Each structure stands twice: as structure tokens, then as C-alpha cells.
Amino acid sequence: MLLPGATLGVLGGGQLGRMFVLAARVMGYRVVVLDPDPQSPAGQVADIHLKADYSDAVALLHMGGMCDAVTTEFENVPAKSLEMLAKHCFVAPSPAALAVAQDRLAEKSRAREFGCDTAPFADIEDEGDLVHAWSVVGGPALLKTRRLGYDGKGQARVDSLDDLVAAHEELGRLPCLLEGFLPLHKEISVILARNPAGEIAFFPLAENRHARGILDLSIVPAQVPEATAETARQMAARIAEGLDYVGVLAVEFFVLEDGRVVFNEMAPRPHNSGHYTLDACATDQFQQQVRALCNLPLGDTRLLSPVVMVNLLGDIWRPEPNWGELLRHPGVQLHLYGKAEARPGRKMGHYNCLAPTVEEALALALRTRAALGIG
Ligand code: AMP
């Protein structure tokens with residue numbers, strides 16, 4: 001068990017790293033961030049910011065020497081870097097778990113092994129696999145790059161074999177997954193934490209609405225039947241246990257029109273759809289990441305209030321949103337990530353709307369969103 005006073009490290013300096021650093025420092029840990037960007041959101045608030053590439057051997061050695069445990073805020077960390085660090089300190093999640101989450105084929109195949117339902121899918125290594133994939137999946141379908149896709153990037157809808165050939169070329173003929181297009185009723189996420197002792201704690205399910213492929217709103221509690229929520233929790237737990245996962249894990253599911261719960265993807269870290277926990281749960285997802293990494297007993301995940309989270313993207317910086325208008329609502333809690341430059345689609349911050357009922361929280365979210373010019 002690593003107690004306050006220990007030094008924790010995080011690979012990656014984005015907003016997820018920043019919120020981890022803030023949580024850890026409040027709890028009395030020292031935190032080292034590795035990120036090449038001198039202005040990085042997490043670097044700004046860390047005790048020590050190592051400004052170097054994620055595969056810089058000298059920086060990794062330095063980090064490993066200073067830290068008692070290291071985690072990551074994104075899935076595309078080079079496996080070698082984690083292996084190097086693991087020689088010096090405790091590293092979680094494991095390089096093997098990250099490797100699964102980096103690759104859509106691996107994550108869907110493993111999820112199936114663990115008994116989760118998925119969309120029909122077929123692997124496309126190169127052009128030679130297109131006809132076979134089309135015969136297995138058929139249309140309508142989505143073509144997704146196996147790696148590095150996020151927020152709807154690296155994917156295309158296809159309705160014919162000709163579409164598929166054109167889309168594959170458009171995506172640079174990268175290894176892809178062809179996936180059946182499903183009739184979605186809702187999208188939900190389960191965020192859980194698992195510590196090295198194997199204890200699991202679930203946060204309340206979030207119901208997620210996207211705009212142009214990027215998370216727009218999370219509504220909690222999710223408006224789904226308890227049986228649906230329980231199915232999703234059980235699937236997420238089987239994945240965490242199957243991978244011997246340590247840390248915070250986010251698992252996204254589709255709820256189909258016929259009620260089926262289908263695994264979509266996972267993130268081996270805290271997740272945008274868990275930001276509501278910062279203001280609405282007894283323990284938030286970043287405090288829980290600290291607890292899991294340090295092998296502490298996991299915190300109470302109880303929901304203290306209905307909540308709706310609204311994402312703030314760079315699109316509304318013209319040049320700066322009217323924060324006065326937003327903050328005149330007592331139920332609004334604002335979180336900004338310290339990013340100097342606003343770009344369209346860039347996640348700049350979020351806010352949580354708390355209210356006595358989820359309907360009121362949603363109404364507050366929609367009203368304030370409109371006032372900020374979102375949507
Ligand atoms: P992903 O990057 O896999 O999370 O996909 C981005 C978004 O595309 C999801 O949040 C869904 O709204 C939609 N989507 C992804 N896969 C499917 C599918 N198989 N059927 C229908 N919609 C999908």
C-alpha cells in the first residue's frame with residue numbers, strides 16, 4: 001500500500017493527467033508528469049514536469065527512479081516505455097492490458113472471449129480482405145481503423161462493397177475492422193476501478209449523448225432499466241477480471257432498440273463520461289485512480305446528486321465563453337483544463353449541472369448550453 005507522501009507518476013500531460021495530479025496532490029502525494037509539451041495541462045500542476053518524449057530512455061529512467069508507482073492517462077503509450085518503468089516501480093495498468101485497449105480487433109475479440117456481445121465484425125489487414133469482410137458483415141457497416149481512432153475519427157459508414165473499397169483507401173489502407181451498423185437506442189458507459197487486491201468498485205452508469213462523434217452530454221443516473229445496468233456492469237467486471245486489470249477502466253456499451261447490451265470499446269483510464277463524478281460522487285474517478293494505483297481500499301462511489309455533464313469544446317471560444325452567464329447558476333460546477341489555445345473540437349473543459357432530479361439537471365444543462373452558444 002502506498003500512503004500519502006509517496007511519489008506517483010503519470011505518462012501524459014492532458015486533462016485526464018491534470019485531474020489525476022490534482023486529486024493525488026490534494027491527498028498528499030507528490031506527482032511527476034512526463035509530457036513533451038511545456039504548457040501541458042497536467043505539467044502545469046505537477047510537482048515535477050519532465051518535458052520529454054514518452055520513449056525518451058533518460059527521462060523514463062529519471063521518472064522510474066523518482067516514482068513509487070506510475071500510471072498513464074492515454075492508451076497509446078509505447079509498450080516499451082511501460083516495460084522500462086516497470087523495472088523500477090509499480091506500473092498499472094499493465095502493458096498487456098494497454099495493448100488490448102490500443103487495438104479495436106484485440107479489444108472486441110477479448111470482450112467476446114469474456115462473454116460480451118459485440119457487433120458482427122471482420123478484420124481487414126489489407127485490400128485482399130475487403131471482399132471476405134463484406135461477405136461476413138454486409139451493409140450497412142462502419143469501417144474503423146484498428147488503432148488510434150477516437151471521437152469518431154478514423155471511421156466511415158459504408159453501404160456497399162464499392163463504398164468499402166473507397167473508404168479503405170480514404171483511411172490510408174490501414175489495418176481496419178469492419179463492423180455491422182447497429183440500431184442504437186442509447187449509449188452508456190460503465191466506469192469501474194480494480195485494485196491489485198482484486199477489489200472492484202463501479203461508478204453509477206452514465207448515459208452518453210454525442211455530437212459529431214464527440215461526447216456532448218453525460219446524464220446520470222442513466223435512464224435505463226436496472227437489468228440493463230446490471231448486464232453492463234457484469235460485462236465490464238468480466239473484462240477487468242479477464243485482463244487482471246488494475247486502475248480505472250471505462251467500458252462503453254450500446255443499448256439496442258431490442259434491449260440488447262453490446263460492448264463497443266474500452267479505455268484503460270478515467271474517461272470523459274466519468275467527469276460527472278468530480279462533483280456528484282462521494283469519491284471521484286481520479287481519486288479512485290489514485291486509490292487503485294496505491295492499492296488502497298477503493299472509495300465509496302455513491303451518487304450524491306443527479307447530474308448532467310456538458311463538454312466544452314474549443315468551438316465556442318470566440319474568444320472566450322461568457323462564464324459569468326454560466327456561473328450565475330448555483331448548481332453549475334465549472335472545470336477548465338488550462339489549455340491556452342482553443343481549436344474546434346478540442347476539449348477545453350466541462351461543467352457539471354447538479355439538481356434535485358435528473359430532469360432538472362438536464363433542463364439546466366440544455367439552458368446553459370444554449371446560453372453559451374453550444375450546438
Ligand atoms: P467509436 O469510436 O467506436 O466509439 O464510435 C463513435 C460513435 O459511432 C459511437 O459513439 C456511436 O455513436 C457510433 N457507432 C460506433 N459503432 C457503431 C455501430 N457498430 N453501430 C452504430 N453506431 C456505431
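This is a predicted model: local features need pLDDT of at least 70, side-chain atom pairs count only at pLDDT 80 or more; totals for chains, interfaces and linings use all residues.
View 1. Altogether 14 residues surround the ligand, and the closest of them are Lys144, Gly180, Leu182, Glu187 and Glu265. Domain 2 (120–180) and domain 3 (184–371) each contribute at least three residues to this shell.

**View 2. Polar atoms facing the ligand.** An N or O atom in the side chain of Glu187 lies 2.5 Å from an oxygen atom of the ligand, while a backbone N or O atom of Gly180 is found 2.9 Å from a nitrogen atom of the ligand. Arg104 places a polar side-chain atom 3.1 Å from a ligand oxygen atom. Of the 480 Å² of accessible area that the ligand has on its own, the protein covers 89%. Two or more residues of the shell come from each of strand E7 (141–145), strand E9 (176–180), strand E10 (184–194) and strand E15 (261–267).

**View 3. Strand E7 and its two faces.** In a regular strand the side chains alternate between the two faces of the sheet. On one side of E7 are Ala141, Leu143 and Thr145, on the other are Leu142 and Lys144, and every one of these residues is buried, so that the count for E7 is 5 buried residues of 5.

**View 4. The partners of strand E7.** Strand E8 (residues 155–158) runs antiparallel to E7 and is joined to it by 4 bridges, with Leu142 standing opposite Arg157 of E8. E7 also pairs with E9 in the antiparallel sense, over 5 bridges, and here Ala141 stands opposite Gly180 of E9.

Terms used. Residues are numbered from 1 along each chain as its sequence is written. Side-chain values use heavy atoms; hydrogens and water are left out. A residue is near a molecule or strand if one of its heavy atoms lies within 4 Å of it. A polar contact is a pair of N or O atoms within 3.5 Å; within protein, one must be able to donate a hydrogen and the other to accept it, and residues adjacent in sequence count only if both atoms are side-chain atoms. Accessible areas come from the Shrake-Rupley method with a 1.4 Å probe; for residues, only the protein chains shown count as cover. Domain bounds come from an automatic or database domain assignment. Buried means under 20% relative accessible area, exposed over 50%, partly exposed in between (1.4 Å probe, protein chains only). Two strands pair if DSSP finds at least two bridges between them.
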